[in-house]
Amino acid sequence: MARELKLMKGNEAIARAMIASGTDGYFGYPITPQSEVMETLMAEKPWETTGMVVLQAESEVASINMVYGGAATGKKVATSSSSPGISLMQEGLTYLAGAEIPCLVVNVMRGGPGLGTIQPSQSDYFQSVKGGGHGDYQLYTLAPASVQEMYDFVFDAWDIAFKYRNPVLILSDGAIGQCMEKLYTRDNVARWTEEERRANAPWGTWGKPATRPHNIITSLELDSARQEVFNLKLQKKYDEMKEKEVRYEALNCEDADYIIVAYGSSSRIAMKAMQMAREKGIKVGLFRLITLFPFPTKQLADIAKKVKGILCVEMSAGQMIEDVKLATQCGVKTEHFGRFGGIIPTPGEVLEALENKIIK
Amino acid sequence: MTEEIIIAGFGGQGVLSMGKILAYSGVMQDKEVSWMPSYGPEMRGGTANVSVIISDERISSPIINQFDTAIILNQQSLDKFEASVKPGGLLIYDPNGITHEPTRKDINIYKIAATAKAQELGISKVFNMVVLGGFLKLKPIVDKQYIHEGLEHSLPQRHWNLIPQNEEAIEIGKGLIECVQKL
């Protein structure tokens, strides 16, 4: 498929980007509000065109372990789910991170805790960036705020995943997943040939040539000293991501008296609130997180020095705000505004919160 | 130009597809667009609504609660969204099943008896296009040729033979809309 202009849902964009980016396999289990990912894949039948495998597993636990198995061979393997399903995958995710297996996981968040609602929410921030599973690990976490980014970030995810041998999480929500917007598709990237895969994933369990020892994929190490060395190696990798792979967007922050910090669909609502504030003569900027891990700590701290207050907007009880406060060392008044359980705040509510909690 | 629209009615009336055709037409005319449905249990046999934004600029929030235009196809939706029309904005409704007429004095109100007309002509399937025609008569935000392209992109190819019928329905709607209150 060449570059084309289309109108589609965020979930459909994820699926089409998987096919177009040369993904080898997708294993998933349906759950609202992300069911269109697998629906689109099943309708497109990529196994007939690119050879991509698409399989509905018996559960999310099975899906993530199928991802482990497929991705351990150096193939580009992905899954997607929504909050409760992602919770089921946490054991698999820490194993994937511990075994340094590149893969792509998409979470189209809905309201929690528990089964919660099927409406949009952003209350999985802690789970995503503070380690939903056990052990010292991080997922490179991208937060798309548009259908175009849902599409583009799948391509970016593969670059990062293989560069760092690390799972990548695309953390979206029901609003971006269900919303249709304009999208420019890209030219198809061919799936890796066997030779390309061996070159790009020399660590993979794709068969042992006589020229090297066995490749072993495992997260188990019974020798504590060696495990510590491995942990230090992981931390070095995360530090390198913090150094080189931070992404964010700063809008109207140059002259801002106040800024709103947000990501995903909340950042879109915040952008409207910012425009409404500017119409009223209040100088508001928007600092949009694109990577949640690595967090744009330094970049936010620099901007925060020049403002009088920060409003964090997130569809949660206030999770991201902790990292905002750490970044700014609590050097400026910072408050949270959010709605829960699938309720999406309106731009008017965000502006009101800014005026009442920060400006007042 | 930015036009923020809510289309609301019963599930099955073609609310979401009307929004999609309008949005796709906007895409074809190189506008920025967003289409944000209400989704969830309320759609199954209940009310359905979709917010559509068509703009010349980057769209900030696809989620909005104040609209330039509300296209209303049942009483529940009228009750819910009449107050959400911006002052000076436009409310279009189908009088079918409406027991309490809109009461706002600060908005433009038009009605379109699309349900009755579509039944009379035996074109109930394209009822939503009659309504869309009424809207486009008042706010020609997308050109006719792009509506054609929008239909082509929204409908699967096996249904392209129905495009002329859809376009006729749009024309019928343009003639059917009547003014109730103009500021």
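Start by selecting A:Glu181 and A:Arg268: they form a salt bridge, with the closest N and O atoms 2.6 Å apart. (A salt bridge here is a side-chain nitrogen of Lys or Arg within 4 Å of a carboxyl oxygen of Asp or Glu.) Before going on, some housekeeping: this is a predicted model, where local features need pLDDT of at least 70 and side-chain atom pairs count only at pLDDT 80 or more, while totals for chains, interfaces and linings use all residues. Residues are numbered from 1 along each chain as its sequence is written, chains are lettered from A and ligands numbered from 1 in the order in which they are written, and side-chain values use heavy atoms, leaving out hydrogens and water.

**Stop 1: two domains in chain A**

Now colour residues 5-195 of chain A as domain 1 and 250-359 as domain 2; the bounds come from an automatic or database domain assignment. Their C-alpha centres lie 27 Å apart. Where they touch (heavy atoms within 4.5 Å), domain 1 of chain A supplies 29 residues and domain 2 of chain A supplies 26.

How much area is buried between domain 1 and domain 2 of chain A? About 2,200 Å², with carbon and sulfur atoms giving 54%. (Buried area is the accessible area, 1.4 Å probe, that two parts lose on being put together, summed over both.) Select A:Gln122, A:Tyr125 and A:Phe126: in domain 1 of chain A they lose the most area to domain 2, together 32% of what that side buries. Across this interface the rule finds three salt bridges.

**Stop 2: where chain B meets chain A**

Next, show chain B. Its contact with chain A takes 26 residues from chain B and 27 from chain A. About 2,300 Å² is buried between the two chains, 61% of it from carbon and sulfur atoms.

How many salt bridges does the rule find across the interface of chain B and chain A? Four. Zoom in on B:Glu32 and A:Lys182, which form a salt bridge with the closest N and O atoms 3.3 Å apart. On the side of chain B that touches chain A, helix H1 (15-28) and strand E2 (32-37) each give two or more residues. (Helices, H or I with at least four residues, and strands, E with at least two, are DSSP runs numbered from the N terminus.) The largest share, six residues, comes from E2(B).

**Last stop: strands across the chains**

(Strands pair if DSSP finds at least two bridges between them.) Which residue of E2(B) stands opposite A:Met180? Click on B:Trp35.

How values were computed
Pairing = 2+ DSSP bridges.
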